[in-house]
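Welcome! Here is a short briefing on how two chains meet, written for a first look.

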Amino acid sequence: MERRSFLKSFGTAAACAALLPHVASAADEAKKVVGPNEMNYETAVAAITGGKALIPSAKVVISAPEIAENGAVVPVKITVDSPMSDKEYVKAIHVLASKNGNVRCANIYLTPANGEASFGTRIKLGGTQDVVAIAQMSDGTFLTAKQNVKVTIGGCG
Amino acid sequence: MKTLIKIKPKDYKTGEVVKIDFMAMHPMETGMRKDKDTGAIIPANYIDEVKFLFNDTLITKMVIWESLSVNPLFTISFKVPGAGTLKVIAKDNKGQSVETSAPITPKG
């Protein structure tokens, strides 16, 4: 509750609600601004996997802070255990933020020339949520891992 | 769009896996933020594609959305096959494109 009152005191609550419809309260819902690439988690996952099952795997490692003080800049690093040979490699790494207005962050299409399957970046998180990584392997399976990140100040403005 | 390529570590040999950092100065507007004075919505403006090429062969292609932070950073691994030129092409949703090159010079 402290976080909410803090935001309201700054008068940015409305702006936050617009940016992050999924974490907004019902009263703010009317003011919701839909972004250009609005997509929810289920639709995004279906678009990536084409209906195939996601297999939770220890081969996919997400390193992100458990508590992010600033939701606007959250460092995320993803590594996938793979030999990255011509026969067996990671085709793509998909990064999703489960409760952002547009859950899709980045799709990384790798080749064996990478040597290792890793990707690092900084993402915006609207509120406390799971960061999900989906690795598309060359054998057609989809491995996944997720990590919850607690955000104390949302990534608005 | 100002860009920067960093290769870590600085000294590497052929066959070694290095980290390539690519940074771009970009506002990464979500299209959901309002101008504080006018109340008008600031149109979306974000990098939507980044390509890494070595000697004009594609290594990695990224499709990006607005959820990435302002002045985004991209880090990938790269197994150095020999000397050559690394080229990074970044494009935003307004069609603005930038090309940056860095030499790959393995020692030994």
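Which strand of chain A is joined by bridges to S4(B)? That strand is S6 (residues 104-109) of chain A, which runs antiparallel to S4(B) and is linked to it by four bridges. Strands here are DSSP runs (E, at least two residues), numbered from the N terminus, and two strands pair if DSSP finds at least two bridges between them. This is a predicted model, in which local features need pLDDT of at least 70 and side-chain atom pairs count only at pLDDT 80 or more, while totals for chains, interfaces and linings use all residues. Residues are numbered from 1 along each chain as its sequence is written, chains are lettered from A in the order in which they are written, and side-chain values use heavy atoms, leaving out hydrogens and water.

**Strands across the contact**
- Within the strand pairing, Ile108(A) stands opposite Met62(B) of S4(B).

**Extent of the contact**
- Chain A and chain B each bring 32 residues to the contact (heavy atoms within 4.5 Å).
- About 2700 Å² is buried between the chains, with 52% from carbon and sulfur atoms; buried area is the accessible area (1.4 Å probe) that two parts lose on being put together, summed over both.
- On the chain B side, Met32(B), Trp65(B) and Ser67(B) lose the most area to chain A, together 26% of what that side buries.

**Charged link**
- The rule finds one salt bridge across the interface (a side-chain nitrogen of Lys or Arg within 4 Å of a carboxyl oxygen of Asp or Glu).
- Lys19(B) and Glu116(A) meet through their side chains in a salt bridge, at 3.8 Å from N to O.
- In chain B, strands S2 (17-24), S4 (57-64) and S5 (73-79) each supply at least two residues of the side that touches chain A.
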